[in-house]
Amino acid sequence: MADSPERLATAAAQHNSHLPAGSVPTGARQQSNSVVLHSEGEDDERPETSKRSHGGIEGANADLQKALAGGAGKRAREEDGEQEGVASAEGENDVYMGLFLKGGRLGIAVYDECEETLSVCEIADGSALGQDMEGLRMVLFQVRPTLVVTNAKPEKALEDVLLDPGEGIEYNVAFAPSKNFQYISCKNLLLQLDLRIFESGDTDADKRRRISSEIDLEAKEGVSAAGGLVMHLQTSKIVDDLSDSPVIPISRVKGLRLDKFLSIDPQTLSSLQIFHQDAHPSFSGCGSAKEGLSLFSLLDNTKSPLGRRLLRMWFVRPLLDEADINGRLKAVSFFTQPTCHDLVGSLRNLLRGVKDVPRILLRIRKTTSSVGDWASLADSLEALFQLREVCRQFAYDVGLDENDERVPAVFARAHDDLNAKLHNLEVMLRSMIDFPESAQAKRVSIQPGICDVLDERKRQYEGLGDFLHSVAEEESADLPPDANVELFVLFCPQLGYMVASPNDESKRSLETAPGFKLNFATNEWIYWKTPRMEELDETVGDIFAAICDREFQLANMIRTKILEWHDKVLEACNVAAELDCVLSFAVAAVERDFCEPSLVNEPVLYVEGGRHPLCELCTQTFVPNDISLDAGSPGSSGLSIITGANFSGKSVCMKQAALIAFMAHIGSWVPAKSCQVGLIDRIFSRVQSRESCATASSSFAIDLSQVALMLRNSTPRSLLLIDEFGKGTQPEDGISLLAASIRELLKRGPDCPRTIVVTHFKELFTLPGLLPPVEEAPIAYGTMSVMRAADAEEGGGGAKEGDEDTGLVFLYRLVEGKCVDSHGHECAINAGIPPAVVERARIVAKKLNSNEAIERLENEGEAAIKKRFQAAVSVLQRFDAERGDVRAFLRRLGNIAAASVEQVTAES
C-alpha cells in the first residue's frame with residue numbers, strides 16, 4: 001500500500017536531520033537539471049540488505065542520460081563555457097557614437113555603456129574640422145567607438161570619413177532614419193531621461209534648466225546627434241537591460257569639450273612612436289597585436305586594468321588647461337619624494353586587486369556575470385577600502401591634513417572620497433555569497449543562515465540519496481515474494497520521480513504488479529511510475545530546482561543593492577584609476593631620472609639636456625641636447641632649421657623635442673635637466689609617409705597633404721615638425737616647395753608657430769633669396785656636429801668602433817651653424833655599399849658640383865674580354881685544320897682564357 005504524503009515528508013526530514021544546517025553534500029552530484037540526483041559511493045559502502053533493492057543507480061542514470069540525448073545537460077555545459085568566456089573577456093568599454101552634420105556644423109554624441117554617461121558636443125567652426133574632416137578623424141581615433149550612428153542620407157564629407165576613417169580605426173556604421181535626428185523630438189527625448197540631476201516632481205521647465213547646466217540644448221546638431229543615438233540604441237535593443245523601461249540606462253549627460261585637449265593625429269602618434277603595435281603570431285592564428293617599444297609602454301607602470309585604460313585616454317587626450325596639468329605634476333612630485341617610497345609600494349600592491357569593475361557592474365546589470373565576476377567585485381571593493389586606509393594612515397604618520405598645500409588632489413580624493421560604506425558593501429557580499437561553493441557549482445551559492453527555507457531545502461537535498469534508497473526498499477517490499485527484481489528510485493526534471501528496473505525477463509513480474517505503470521523504456525532499463533512516486537512528485541518535488549530558484553532570488557536582491565551603489569562604486573574606481581596613472585608616472589620619473597617641467601602660456605620651448613626617452617634605452621651612452629624655440633620674444637626665433645650629416649641624429653633631436661612637449665601636456669615628468677614648455681594646442685608632423693594600396697596617393701602626395709594640413713590649421717600655439725620635406729620629387733621642386741612653406745610661416749611674424757625643420761637642402765642658405773634675411777625673420781640654424789677620425793685621435797678622443805671605415809666620428813651634439821655636406825658617401829660605406837660604387841659616386845658628385853662633363857666609366861672587364869676574343873681569333877686564323885695539332889690548339893685557347901690581360905696583350 002502506498003505511504004501517505006505526511007509519512008513521506010517526515011521520513012525525508014528524518015533522513016536529513018543528521019546534516020548541519022546549510023552544509024553542502026560531498027557525494028550528491030547535479031549536472032544541470034537533466035542529470036539524476038543520487039549519492040555516489042554510498043551504496044558501495046552500505047551492506048546490501050535486499051537483492052531486489054539498491055540506492056546506487058549509476059547505470060540507470062547513465063542510461064537515462066543516453067535516452068535524453070541532446071538534452072539540457074549538454075546545453076548547460078555549453079552555457080557554462082560561454083559564461084566563463086564572458087567573465088574572462090577583457091577589452092575596451094562598449095562605446096557608441098552618434099554623428100549629425102548639417103550646414104558645416106557637426107554634432108557629436110558619445111554613450112559609454114559602462115559608466116552610463118552621454119557626452120554631447122557641437123563643432124560649429126568649420127576650421128576646427130579641418131580639411132577632409134581631419135578633426136573628426138581624430139575624435140574617432142580618441143573615442144574608438146564600437147558603433148557609429150548617423151542619418152540615412154549624410155552629407156558627402158561625413159560619409160567619406162565614415163567609410164575611410166584612417167588606419168587603426170575600426171567600427172560598425174548604422175544609418176538610422178532621418179526622422180530620428182529631428183531637433184525637437186531629440187530634445188524632448190533627452191528631457192525624458194532619468195538623470196541624477198533630476199529630482200522627483202521636476203517639471204519640464206525644471207528638467208530643461210537642470211540639463212542646460214550640463215549641455216547646450218540650443219546646439220541643434222549636437223542635440224540631434226544625441227537624440228538620434230539614444231533612439232537607435234533603444235529601438236535596436238543593442239544595450240541590454242532587464243528593466244521594463246524602454247529607455248536605456250543613462251545616469252548623466254555632460255558636455256564634451258574638444259578644445260580642452262591637445263590635438264594630435266594618429267599619423268603623428270605613430271611617427272613619434274607614442275604608440276607602436278607589434279604583431280604577436282600564435283599557433284592558432286595570426287595572434288593579436290600588443291604594445292611594442294613606445295612611449296606608452298615606457299610610462300605604463302599601471303597595476304590595474306582601470307589605470308591602463310585611463311592612461312591610454314590621457315595619451316590620446318593631452319591636457320591644455322594649465323591648472324589641470326600642474327595638478328598632475330604636483331601629484332607626481334608628491335609621490336617621488338623619498339618619504340613616499342613605502343607608500344607608493346603599498347598603494348601599487350593594493351591596486352593589483354582592483355579589477356575591471358565597470359565592466360563587471362555592466363555584466364551584473366545584464367545578468368551575464370559569472371561567479372568570478374562576483375568574487376572580483378568583492379576583492380576590488382576590499383582593495384578600494386584598503387587604499388583609503390593606507391592613505392589615511394600615511395597622512396596621520398607624517399602629519400598631513402586636507403588643507404595642506406603639499407597634498408595633491410588625487411591623494412586627497414583617495415583619502416576622503418573612497419567611501420567607507422564600500423567596505424560594508426564588500427562585507428555584505430562575502431557574508432551572503434559562499435564563494436568556494438559558488439566556484440564549485442558555477443553559480444551564485446548563498447551562505448548558510450541567510451534563509452531558513454533555503455537551508456532546509458539544502459538539508460533535504462544532501463540526504464536525498466539515503467531517502468531514495470529507503471524508498472526503493474519500500475517499493476521492493478511491496479512486490480510479490482516471487483518477484484526477483486532489482487529496483488532503483490531516481491529523479492529526472494520534467495519527468496519526476498521514477499522506479500527503474502533492468503530491461504530483462506524480470507520485467508514481466510512488474511507488468512502485473514499493482515500500481516506499476518510503464519513510463520518509457522530503453523535497451524537496458526525500464527522506468528515506471530507508482531503511486532508512491534506520484535506522492536513524491538507532489539510532496540518533495542525538484543529540490544535542486546527549488547534551491548536554484550531561491551538562490552537566484554537572493555542573488556537578484558544582492559544585485560539590486562549593488563546597482564544602487566553603482567555611481568559611488570564608479571567614483572571610487574575613477575579615483576583608483578587616476579591614482580594608478582599618477583603612480584605610474586612617478587615610478588617612471590624616479591627610474592628614468594626625469595625632471596619636472598614648467599608650464600607657461602608663452603609660445604616657447606626651452607629644454608636643457610633633453611634626451612629621447614626611447615633612444616636612450618637602446619644605446620649605452622646617449623648625448624643630451626638643448627632646444628630653444630621662442631616665437632614671441634623680439635629677436636628670438638620660433639623656427640629652427642637643423643642640418644647635418646646622415647646618421648648624425650637630426651631626426652632624433654627633433655622628435656625628442658616633440659616628445660618632451662607631449663609628455664609635459666599629459667602631466668608626466670620629462671627626460672631633461674630642466675624644461676619650460678609653452679602650452680601647445682596641436683602637434684603637426686611631416687615625418688613619416690605610409691603608403692598603402694588602399695590609398696590612391698604617392699608618397700610625395702602624402703607629404704604634400706601633411707604640409708598643407710599644417711599650413712592651413714596651425715595656430716601660434718602649434719608645434720610643427722618637418723623632416724626631409726621635398727625629397728620625393730626633383731631637387732629643384734623640393735627645394736622651392738620647402739622654401740615657400742618656410743616663408744609662409746615666417747610671414748606670420750609673432751604668430752608663427754614653433755617649427756623644427758630637418759633638411760639636407762643646403763641651397764636654402766647658399767642660394768640668395770630663397771629665405772628672408774635674418775633681420776626680417778630670424779631663423780635659428782643648428783647642425784649636428786661630426787669629426788674626422790684623424791682629428792678625433794689628435795684631440796685625444798679616438799674614433800669609435802665602426803667609424804674607421806667612414807673616417808667620421810658622430811658627436812650627436814646640436815650646435816649653432818649650418819652644414820653644407822651631408823657626408824653621404826662616408827655613410828654609404830658604413831651602410832655596406834661596395835667601395836667601388838661609393839668611389840664612382842664621389843667622382844660624379846664632384847663633376848656635378850663643378851659643372852664639368854661626366855666621363856663614361858671605363859669598364860676594365862669589357863676591355864679584357866675584347867682582348868681575349870682578339871687573341872683567340874688570331875690563334876684560330878693561324879690554325880691549319882688539315883695538318884694542325886688539335887690538342888695543342890685547344891691547349892692554347894685554354895691558356896688565353898686563364899692568362900691575365902697583360903699576358904694576353906704581350907703574346908698578341
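Predicted model: local features only at pLDDT ≥ 70, side-chain atom pairs only at ≥ 80, totals over all residues.
Residues are numbered from 1 along each chain as its sequence is written. Local features need pLDDT of at least 70 and side-chain atom pairs count only at pLDDT 80 or more, while totals for chains, interfaces and linings use all residues; side-chain values rest on heavy atoms, with hydrogens and water left out.

Confidence comes first. The pLDDT (the predictor's confidence in each residue, from 0 to 100) averages 80 over the chain, and 82% of the residues score at least 70. Residues 1-57 are one of them, with 122 contacts beyond four places in sequence, a contact being heavy atoms within 4.5 Å. Residues 66-91 are another, with 25 such contacts.

Now the sheet. Helices (H or I, at least four residues) and strands (E, at least two) are DSSP runs numbered from the N terminus, and two strands pair if DSSP finds at least two bridges between them. Four strands make an open, antiparallel sheet in the order β12-β13-β15-β14. β12 (488-492) and β14 (517-521) sit at the edges with a single partner strand each, so one side of each has no neighbour in the sheet. From one strand to the next, the twist averages 40°. Strand β13 (residues 496-502) is joined to β15 (residues 525-529) by four bridges, and Ser501 has Ile526 in β15 as its bridge partner. Helix α24 (residues 531-539) packs on this sheet, touching β12, β13, β14 and β15, at about 150° to the direction of β13. Helix α22 (residues 464-477) lies across β12 and β13, at about 130° to β12. Axes here are lines fitted to C-alpha atoms, for helices over the stretch in contact, with angles from 0 to 180 degrees between N-to-C directions.

On to the helix pairs. The axes of α21 (residues 452-462) and α25 (residues 543-564) come within 9 Å and cross at roughly 150°. α21 and α25 are therefore roughly antiparallel (under 35 degrees counts as roughly parallel, over 145 as roughly antiparallel, 65 to 115 as roughly perpendicular and the rest as oblique). Residues in this contact include Leu454 and Tyr461 of α21 and Phe544 and Leu554 of α25. Helix α14 (residues 322-335) packs against α26 (residues 566-592) at about 60°, with the axes 9 Å apart, so α14 and α26 are oblique to each other. Ala331, Val332 and Phe335 of α14 meet α26 residues including Leu579 and Phe585.
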